[in-house]
Amino acid sequence: MSEAGRVPSPATPLVVAAAAPEERKGKEPEREKLPPIVSAGAGATAGLDRGAKGQISTFSSFISAISPKKEAAENRSSPAHLVFPNIKNVRDQPPICLDVRQKQRVSMDASSSEMKAPVLPEPILPIQPKTMKDFQEDVEKVKSSGDWKAVHDFYLTTFDSFPELNAAFKKDATASFNTIEDSGINAKFVNAVYDTLLNTPQDIQKTNPQFNNTSTYVIYAHLLRQIATLVEADHHFLVHWFKKLSQKRFKQLVERLLQFISLRLFPAKPEEFPPITKCSWWIPSAAKVLALLNTANNLVHLPLIPYTDFYNSTLDHIDLMEEYHTWQNFGNSHRFSFCQYPFVISIAAKKIIIQRDSEQQMINIARQSLVDKVSRRQRPDMNMLFLNMKVRRTHLVSDSLDELTRKRADLKKKLKVTFVGEAGLDMGGLTKEWFLLLIRQIFHPDYGMFTYHKDSHCHWFSSFKCDNYSEFRLVGILMGLAVYNSITLDIRFPPCCYKKLLSPPIIPSDQNIPVGICSVTVDDLCQIMPELAHGLSELLSHEGNVEEDFYSTFQVFQEEFGIIKSYNLKPGGDKISVTNQNRKEYVQLYTDFLLNKSIYKQFAAFYYGFHSVCASNALMLLRPEEVEILVCGSPDLDMHALQRSTQYDGYAKTDLTIKYFWDVVLGFPLDLQKKLLHFTTGSDRVPVGGMADLNFKISKNETSTNWLPVAHTCFNQLCLPPYKSKKDLKQKLIIGISNSEGFGLE
């Protein structure tokens, strides 16, 4: 019995949809695209039966209605469109628990007298069979007697019909729910019954499927379809109820759904499933339910599980570009694509989509350049297929800006860099060196474009006004080129930056629409200026008189080139005092001023620079955190993986010096491991593909063992003298990685 199957309610369309299918047909045209919920014969028994005997339908009749034998008669393909709930106005939703009986009476009263059917007596609702205490006492008796009959009878009775379920688990079996705060379910009782079921004999478990094996997947699929086809208002309630689950149970729900999708895609025993053509709606239904769980997870201030727990690594092995093209061509309505639910696609898979999309754009641009040359009867030049950057080291920023401005049409071509006056072909090393040197100069405090905040160890845009914001555009282009060319940059922007970079993810066609503006909170400010954010939090929680104790107005001050300037947060702000009543507005306006308004021109130039290179629908698949990983790499280090993928030049992995090296490195604390990575690669982060993508190499340096190790960051290469002892190697290595600035930003 799954988590989703353990909290039915009298208003859930598991009952309503079957009892009144015709009523909802007009209101919910999207349901017609799904296979029928139950067959015509089973429709009357899926909810409260209005037959002559006034019987209450059993849960077993619902199960039998969706047996595998009827799959062929029921199935049509299902779209993937999901109406995401408008969470903001959920409290304003009217009660959605209109009694089925009342709906039917209204319908009958509206019809002619000849068509009216006699009103049947109300069915008698069952009395709660056992309390939680009674149930737990029965379970305790089992431990001494070994007789499961009382417990088995409880399961048989409780899960025999929907009214029995309501009587057992609802706090008030006759009450209807109308609040997002309380589902009306006795969750502790539900959890106790479920946990006990896991330890019962197999004969009891078989009558109460838990959907953790493929033999029950047909039933599970229909349950998921019932949830997926709920009306939008019901989804509001479910989302808010889901977020109240414990972390353990929430994660179990997600993992079970992901497993369901994986086994449907790649079944170990295909004969256990109906043909894929007969159940094409299974995966879309599961994806919709996952979307509800994902929405619930995002609503919680501290998510119940990391967003990466929604990744389904099985999708790394399907044709991702076909999924992407289906999504591009059909959007969210006509055909299912996993790209409609990007939260299940791993960052590694998204990188593949972005890279291949980028490569295709590069090929198209290069092909067009070639066609243009031929059409003008000019001799083709291979250099026309690349974005060729020729720069002087002494004028790196200005030359780079000029080249990128002049070759704006070539930004989507493969990047090649040449330093003027230096021989050599760019096989990747010069490109990386160009990025490292340029980033180092631009982010230097003396350059004035960015401010480094030591408390948060990150950079933020300078709010100083200037006449030309083209250099901010250059930084955006650099980030775009890095993503486009799979280069990891040593940049430290706060997460808020990437949220703004995706606001919106596609450049709007109307240039009057502001870009880079997103909703920000004190939490976002805390990631940049923690002390200021702490002060604003204290203002919000102050219990005294804010106006008298803080003596502040809706006016802020900033220093620009030694001059203090004042800015009103709202019209007449210098004359409006901050009080207990308006302090929330003050904090919100102040935060918005710092992170949006005061740097709008700087960030807009940065935004347009980035999107001039990465203009792709693939960006819509990304979360802000994922954009950061694509640009800067992942902070999670796996030095054992690095050891397995390391290449050697002049050494063998069995050499004593190499054994000493890995003994020392694997014993380093995390901060020294990061310093080693930064020393050898120019960044302490790992590419999306993992350590193997670093192409890390250790070369033998035929010099005195008194020398320190040397690194070539452009090639991720460490040159190591043949140290004779582990102690000597450790001492020299720590000195080398701890006292070399390399291409660091500080």
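Helices H18 and H20 are roughly perpendicular to each other, a label that covers angles of 65 to 115 degrees. In this predicted model, H18 spans residues 396-406 and H20 residues 470-484, and their axes come within 10 Å and cross at roughly 75°. The contact (heavy atoms within 4.5 Å) is made by Val-397, Leu-401 and Leu-404 on the H18 side, and by Ser-470, Glu-471, Leu-474, Ile-477 and Leu-481 on the H20 side. By class, six nonpolar residues, one polar and one charged residue take part in the contact of H18 with H20.

The model is a prediction, in which local features need pLDDT of at least 70 and side-chain atom pairs count only at pLDDT 80 or more, while totals for chains, interfaces and linings use all residues. Residues are numbered from 1 along each chain as its sequence is written, and side-chain values use heavy atoms, with hydrogens and water left out.

A further helix to follow is H10, residues 187-197, whose buried residues (under 20% relative accessible area, with a 1.4 Å probe and protein chains only) are Phe-189, Val-190, Ala-192, Val-193, Tyr-194, Thr-196 and Leu-197.

Turning to the cysteines, the structure holds zero disulfides, a disulfide being a pair of cysteine sulfur atoms within 2.5 Å. Cys-458 is in no disulfide, and the nearest cysteine sulfur, that of Cys-497, lies 9.6 Å away. Cys-458 is buried, with a relative accessible area of 5%, and Cys-614 is also buried, with a value of 6%.

Key
Buried means under 20% relative accessible area, exposed over 50%, partly exposed in between (1.4 Å probe, protein chains only). Axes are lines fitted to C-alpha atoms, for helices over the stretch in contact, and angles run from 0 to 180 degrees between N-to-C directions. Helices (H or I, at least four residues) and strands (E, at least two) are DSSP runs, numbered from the N terminus. Angles under 35 degrees count as roughly parallel, over 145 as roughly antiparallel, 65 to 115 as roughly perpendicular and the rest as oblique. Ala, Val, Leu, Ile, Met, Phe, Trp, Tyr, Cys and Pro count as nonpolar, Asp, Glu, Lys and Arg as charged, and the others, Gly among them, as polar.
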